[in-house]
Amino acid sequence: LTPRAPRHVAGRLDPAAPWGEFLLPPDPPGSSPAARNPLGGPGGSKDGGRVLLTGLHACGDLGPALLCHFARSPAVAAVALAGCCYMKLSTAPQPPTCGDLGPALLCPPGYPLSASVAALPGHQLSYRAREAACHALEEYEGRLRGGSAHLRAHCYRAVLESLIRAADPGKRHLGLQPGRKAHALGFPQYAHLGLPLAGLDPAGVPLDSGAVGAMLEQQHKVVAFCTLGQLLAPAVETLILLDRLLYLREQGFHCAVVPLFNPRFSPRNLVLVAARSPLAAALAGLDKDSEDGDSSEDEDLQEGQSPREGQ
């Protein structure tokens with residue numbers, strides 16, 4: 001917004017706090033109220049300058065919180081947001097009130113944000129659908145074409161899930177991370193790393209049984225199932241991103257979803273940008289660098305163009 005170089009400020013975000021105190025110091029709670037906002041001003045900088053909010057791979061509800069702060073704080077002139085970890089989005093209104101807006105207004109859920117999507121029948125997204133939307137479709141395609149050994153990890157996790165459920169039916173879809181190089185391990189080694197994370201003793205789980213061997217032979221079916229999920233992932237991500245765009249458009253802001261770079265570099269290549277003034281001038285330079293030369297402005301999206309590059 002200005003020729004000055006960006007100034008980095010460390011802080012914490014609390015969506016339930018009044019919007020003038022949205023940015024909190026990195027210190028633990030209980031610090032001096034006078035030092036609550038590291039920027040020094042109500043929602044903006046201490047010299048009255050306006051703020052550009054940027055969220056890089058903003059996880060879960062952090063993305064919607066940034067959009068809400070932009071919408072409700074005049075000190076924030078624009079926002080650029082690349083989301084991530086959609087499975088961590090809340091799907092119901094949050095009880096804390098939104099500070100200065102009064103006790104009757106609840107903080108919106110992470111999804112859906114917009115009234116337009118909330119009114120659609122069947123708009124709900126399961127945890128599995130939101131989790132799949134975070135995957136890298138382009139990278140997965142490369143693994144399929146090359147028969148990558150990384151695909152073995154999907155089967156390992158499916159077999160481990162079966163063993164966990166057999167040992168304790170109450171444990172389902174646990175966020176286990178036995179290691180980044182699981183595909184390079186034998187299954188017994190993988191299970192010895194994963195079972196303790198689920199609170200189970202590997203010594204009490206049969207890992208060399210014929211049933212385990214039979215499940216491991218079904219890798220091709222597991223890969224086929226995962227591939228179907230990957231094919232649907234762009235549709236889910238597009239719905240989440242358009243919900244955020246519509247939320248801002250409903251309040252009269254100028255907004256667009258921009259494929260900022262090749263998704264093979266990073267799967268979260270779609271950036272939601274919004275401002276209180278028209279975006280045409282700011283986005284004009286991006287068209288020159290676009291691989292296909294198509295415009296990415298909100299007028300194109302209004303006509304139904306999919307924002308997902310290459311889909």
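Tutor: The model is predicted, with local features requiring pLDDT of at least 70 and side-chain atom pairs pLDDT 80 or more, while totals for chains, interfaces and linings use all residues. Residues are numbered from 1 along each chain as its sequence is written, and side-chain values use heavy atoms, without hydrogens and water.

Student: Why is the aromatic pair of F70 and F253 called tilted?

Tutor: Rings of Phe, Tyr and Trp (its six-membered ring) pair if their centres lie within 6.5 Å; planes under 30 degrees apart are stacked, over 60 edge-to-face, and the rest tilted. For F70 and F253 the centres are 4.7 Å apart and the planes 50 degrees apart, hence a tilted pair.

Student: What does the pair of F70 and F253 tie together?

Tutor: F70 belongs to helix α1 (residues 62-72) and F253 to the loop between α8 and β7 (254-259), so the pair joins parts 183 residues apart in sequence. Helices (H or I, at least four residues) and strands (E, at least two) are DSSP runs numbered from the N terminus.

Student: What makes R276 count as lying over the face of F70?

Tutor: The criterion is NZ of Lys or CZ of Arg within 6 Å of the ring centre and within 35 degrees of the ring normal. R276 lies over the face of F70 at 4.9 Å from the ring centre.

Student: Why is α1 described as roughly parallel to α8?

Tutor: Their axes cross at roughly 10 degrees and come within 11 Å. Axes are lines fitted to C-alpha atoms, for helices over the stretch in contact, with angles from 0 to 180 degrees between N-to-C directions. Angles under 35 degrees are roughly parallel, over 145 roughly antiparallel, 65 to 115 roughly perpendicular and the rest oblique. Therefore α1 is roughly parallel to α8.

Student: How do you know that α5 is roughly perpendicular to α8?

Tutor: Helix α5 (residues 152-167) packs on helix α8 (residues 219-250) at about 100 degrees, with axes 9 Å apart. That angle makes the two helices roughly perpendicular. R152, H154, C155 and A158 of α5 meet Q219, V222 and C226 of α8, where contact means heavy atoms within 4.5 Å.
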